[in-house]
Amino acid sequence: PRSTLFPYTTLFRSRLYAAGAPVPYPAQVLDTELLLEFIGSADGIAAPRLAETRPGPAELAGLWDQLVQALVDLARDGLAHGDLSAYNLLVHDGRLVMIDLPQVVDVIANPRGAWYLTRDAENIGRWFTARGLAGVNPEPADLADLLRREARL
């Protein structure tokens, strides 16, 4: 049931935000409801999902760098997004924000932790590669290995 998962999810969201991860601020928690910060402009226009953007080469590389840093930070904390794709990332004023985190995975406790890290890295790496990302370190093909090392798996 959802109610048995909710406190775990709330803990991770609060923990991620407190650790400086690029996630919306958990503005209010009341019983089984979680109110998150709105990511968008002051006039109410929501930030687009990464999948809806068409970044040029420099912006693409900058977004990649932000994403790699965020994923490395999560991996060092023993976590993976669990369902990462270009649809679970927002871009607001050049800043990448991870959303849809109810499935955050503890990669140490979960017997399939390494698989989740790999799946996240491969899913998002394919998107960046298809958009022409080049000349970055790490390359998208190397991201999964990096995350597994950082998580000590």
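Read along the sequence, the secondary structure of this predicted model follows the order α-β-β-α-β-β-β-β-α-α, which amounts to 4 helices and 6 strands, where helices (H or I, at least four residues) and strands (E, at least two) are DSSP runs numbered from the N terminus. Residues are numbered from 1 along each chain as its sequence is written, and side-chain values use heavy atoms, with hydrogens and water left out. Because the model is predicted, local features need pLDDT of at least 70 and side-chain atom pairs count only at pLDDT 80 or more, whereas totals for chains, interfaces and linings use all residues.

Of the 153 residues in the chain, 44% are buried, the classes being buried (under 20% relative accessible area), exposed (over 50%) and partly exposed (in between), with a 1.4 Å probe and protein chains only. Among contacts (heavy atoms within 4.5 Å) between residues at least 6 apart in sequence, 67% join residues at least 24 apart.

The packing of helix α2 (57–76) against helix α3 (residues 113–130) was examined through their axes, which come within 12 Å and cross at roughly 175 degrees; axes are lines fitted to C-alpha atoms, for helices over the stretch in contact, and angles run from 0 to 180 degrees between N-to-C directions. The crossing makes α2 roughly antiparallel to α3, given that angles under 35 degrees count as roughly parallel, over 145 as roughly antiparallel, 65 to 115 as roughly perpendicular and the rest as oblique. From α2 the contact draws on Leu60, Leu63, Trp64, Leu67 and Ala75, and from α3 on Leu117, Ile124, Gly125, Trp127 and Phe128. By residue class, this contact comprises 9 nonpolar residues, 1 polar and no charged, where Ala, Val, Leu, Ile, Met, Phe, Trp, Tyr, Cys and Pro count as nonpolar, Asp, Glu, Lys and Arg as charged, and the others, Gly among them, as polar.

In a regular strand the side chains alternate between the two faces of the sheet. Strand β4 (residues 89–92) is covered on both faces, with Leu89 and Val91 buried on one side and Leu90 and His92 buried on the other. Strand β4 runs antiparallel to strand β5 (residues 95–98), to which 4 bridges join it; two strands pair if DSSP finds at least two bridges between them. Within this pairing Leu89 stands opposite Met98, while His92 stands opposite Arg95. Asp93 is exposed, at 73% relative accessibility.

A search of the whole structure finds 3 salt bridges, each defined as a side-chain nitrogen of Lys or Arg within 4 Å of a carboxyl oxygen of Asp or Glu. One of them joins the side chains of Asp100 and Arg49 (3.8 Å, N to O); Asp100 lies in the loop between β5 and β6 (105–106) and Arg49 in the loop between β2 (33–36) and α2, so the pair ties together parts that are 51 residues apart in sequence. Asp100 is partly exposed, with a relative accessible area of 33%, and Arg49 is likewise partly exposed, at 29%. Another salt bridge is formed by the side chains of Glu150 and Arg76 (2.6 Å, N to O), and this pair links distant parts of the chain, Glu150 being in helix α4 (residues 143–150) and Arg76 in helix α2, 74 residues apart. Glu150 is partly exposed, with a relative accessible area of 22%, whereas Arg76 is exposed, at 53%. In the salt bridge between Arg148 and Asp145 the closest N and O atoms are 2.2 Å apart, and both residues lie in helix α4, 3 residues apart, about one turn of the helix. Arg148 has a relative accessible area of 22% and Asp145 one of 38%.

Val104, in the loop between β5 and β6, is buried, with a relative accessible area of 8%; Val104 and Asp83 are 21 residues apart in sequence and 8.1 Å apart in space, C-alpha to C-alpha. In the loop between α3 and α4, which contains Pro138, the peptide bond from Asn137 to Pro138 is cis, with omega near 5 degrees. Arg152, in the segment after α4, has a positive phi of about 60 degrees although it is not a glycine, and counts as exposed at 76% relative accessibility.
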